[in-house]
Amino acid sequence: MFEIRLDNDWITCRGDFREALIEVIDWLLRDKQLTLSDIYRRYRSYSDEDLIEEIAELAPDKFLDIRVNIRLD
């Protein structure tokens, strides 16, 4: 699971890294009139690194914290 926080505020926890990044972008753009479908279309050609850079640009004053949670057997 990938857990993403901004300034230690929990935003999402997803099993798919790309889904988690898209959800953070959706959260950051919540004041805009974009649907989740619009956001997926806009960022479909972005790599994971590009999505992280986009988050950094959308929230330059926030600390991005990405945590990987794994189950140990």
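Student: Buried means under 20% relative accessible area, exposed means over 50%, and partly exposed is in between (1.4 Å probe, protein chains only). Is Tyr 46 buried or exposed, or in between?

Tutor: Tyr 46 is partly exposed, at 28% relative accessible area. Keep in mind that this is a predicted model: local features need pLDDT of at least 70, side-chain atom pairs count only at pLDDT 80 or more, and totals for chains, interfaces and linings use all residues. Residues are numbered from 1 along each chain as its sequence is written, and side-chain values use heavy atoms, with hydrogens and water left out.

Student: OK, aromatics. How many aromatic pairs are there?

Tutor: There are 2. Rings of Phe, Tyr and Trp (its six-membered ring) pair if their centres lie within 6.5 Å; planes under 30 degrees apart are stacked, over 60 edge-to-face, and the rest tilted. Phe 2 and Phe 17 make a tilted pair, with centres 5.0 Å apart and 50° between the planes.

Student: Why does that pair tie separate parts together?

Tutor: Phe 2 is in strand β1 (residues 2-6) and Phe 17 is in helix α1 (residues 17-28), so the pair links parts 15 residues apart in sequence. Helices (H or I, at least four residues) and strands (E, at least two) are DSSP runs, numbered from the N terminus. Phe 17 counts as buried at 19%, while Phe 2 is partly exposed at 23%.

Student: And Tyr 43 with Tyr 46, what sort of pair is that?

Tutor: Edge-to-face, at 4.8 Å between centres and 85° between planes. Tyr 43 is buried, at 1%.

Student: New topic. How do α1 and α3 pack?

Tutor: Their axes are 10 Å apart, at an angle of about 20°, and α3 covers residues 48-58. Axes are lines fitted to C-alpha atoms, for helices over the stretch in contact, and angles run from 0 to 180 degrees between N-to-C directions. So α1 is roughly parallel to α3. That label covers angles under 35 degrees; over 145 is roughly antiparallel, 65 to 115 roughly perpendicular, and the rest oblique.

Student: Which residues meet there?

Tutor: Those in α1 include Phe 17, Leu 21 and Ile 25, and those in α3 include Leu 51, Ile 55 and Leu 58. Contact means heavy atoms within 4.5 Å.

Student: Last one. Where does Asp 7 lie?

Tutor: In the loop between β1 and β2 (9-14). Phi of Asp 7 is near 50°, a positive value in a residue other than glycine. Asn 8 lies in that loop between β1 and β2 too, with phi near 65°. Asp 7 is partly exposed at 37%, whereas Asn 8 is exposed at 51%.
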